[in-house]
Amino acid sequence: MHLSVYYEKNAITLKLISALHRLRMDQLLASDGVQQSAPVTVTITVLDANDNTPTFSNVSYSVNLFTDMLPGETVIQMLAVDSDASENGQVTYRILAGDQGTFLIDSSTGVITVAPGAELTVGRSYALTVEAVDNGPVPQR
């Protein structure tokens, strides 16, 4: 049982005594203990605690580019997964370092493209640091 019940001055207080998990459904039957009152329905909504962070499937990625790539052309699509619900699981992307004005990232899709005015040079390497964060409040871990 995850809840304890307290009776005080014609009021019933439910107190959480152990963690609930939004992926598991719990049912609660409430009565006054002596069967004198009619049954009552208690609805408990378990909200997501934002206890997961977005994770990429790989630690690093490698892509070959060509010097004739046009601005807006896709370089790679980054994908990070966050198993939280709703906005807690929605991922936002950004380039933290290394773009030097050469690349752009779509914050909602993770698609990295060639930036307008960028000139790709034969033999040049680029190392981007990409961050994925969820859109929930500060994680509760």
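Residues are numbered from 1 along each chain as its sequence is written. Because the model is predicted, local features need pLDDT of at least 70 and side-chain atom pairs count only at pLDDT 80 or more, while totals for chains, interfaces and linings use all residues; side-chain values use heavy atoms, with hydrogens and water left out.

## The chain as a whole

The protein chain holds 1 helix and 9 strands. Helices (H or I, at least four residues) and strands (E, at least two) are DSSP runs, numbered from the N terminus. Along the sequence the pattern is β-β-β-β-β-α-β-β-β-β.

The chain has 141 residues, and 23% of them are buried. Buried means under 20% relative accessible area, exposed means over 50%, and partly exposed lies in between (1.4 Å probe, protein chains only).

A contact means heavy atoms within 4.5 Å. Of the contacts with a separation of 6 or more, 61% are between residues 24 or more positions apart.

## A sheet of three strands

An open sheet is formed by 3 strands in the order E4-E8-E7, with antiparallel pairing. Strand E4 (74–77) and E7 are the edge strands, each pairing on one side only. On average, neighbouring strands of this sheet are turned by 20° against each other, direction ignored. Such angles are taken between axes, which are lines fitted to C-alpha atoms (for helices over the stretch in contact), and run from 0 to 180 degrees between N-to-C directions.

Two strands pair if DSSP finds at least two bridges between them. E4 and E8 pair over 3 bridges, and E7 and E8 also pair over 3 bridges. In E8, Ile112 is the bridge partner of Ile76, and Val114 stands opposite Phe103. The hairpin of E7 and E8 has 5 residues between the strands, and Gly110 there takes a positive phi near 80°.

E8 is covered on both faces: Val111 and Thr113 are buried on one side, and Ile112 and Val114 are buried on the other.

## The nonpolar core

A nonpolar core is a set of buried Ala, Val, Leu, Ile, Met, Phe, Trp, Tyr and Cys residues joined through side-chain atoms within 4.5 Å. The largest one has 15 residues, and those that touch the most other members are Val75, Tyr93, Phe103, Ile105, Ile112, Val114 and Val130. At least two residues of this core come from each of strand E6 (91–97), strand E7 (103–105), strand E8 (111–114) and strand E9 (129–134). E6 gives the most, with 3 residues.

Leaving aside residues up to four places away in sequence, Val114 touches several residues, among them Met69, Leu70, Val75, Phe103 and Leu120.

## Two buried loop residues

Thr102 is placed in the loop between E6 and E7. Thr102 counts as buried because its relative accessibility is 8%. Not counting residues up to four places away in sequence, the contacts of Thr102 include Thr113, Val114, Leu120 and Tyr126.

Met78 is found in the loop between E4 and strand E5 (80–81). Met78 has a relative accessible area of 7% and is therefore buried. With residues up to four places away in sequence not counted, Met78 touches Phe56, Tyr61, Tyr93, Thr109, Gly110, Ile112 and Val130. Met78 and Asp106 are 28 residues apart in sequence, and their C-alpha atoms are 9.7 Å apart in space.

## Aromatic pairs

The structure holds 2 aromatic pairs. Rings of Phe, Tyr and Trp (its six-membered ring) pair if their centres lie within 6.5 Å; planes under 30 degrees apart count as stacked, over 60 as edge-to-face and the rest as tilted.

| Pair | Distance of centres | Angle of planes | Type |
|---|---|---|---|
| Phe56 and Tyr93 | 6.4 Å | 45° | tilted |
| Phe103 and Tyr126 | 5.1 Å | 85° | edge-to-face |

Phe56 is in strand E3 (residues 55–56) and Tyr93 is in strand E6, so this pair links distant parts of the chain, 37 residues apart. Phe56 is partly exposed at 24% relative accessibility, whereas Tyr93 is buried at 5%.

Phe103 lies in strand E7 and Tyr126 in the loop between E8 and E9, so their pair ties together parts 23 residues apart in sequence. Phe103 is buried, with a relative accessible area of 3%, and Tyr126 is partly exposed at 21% relative accessibility.
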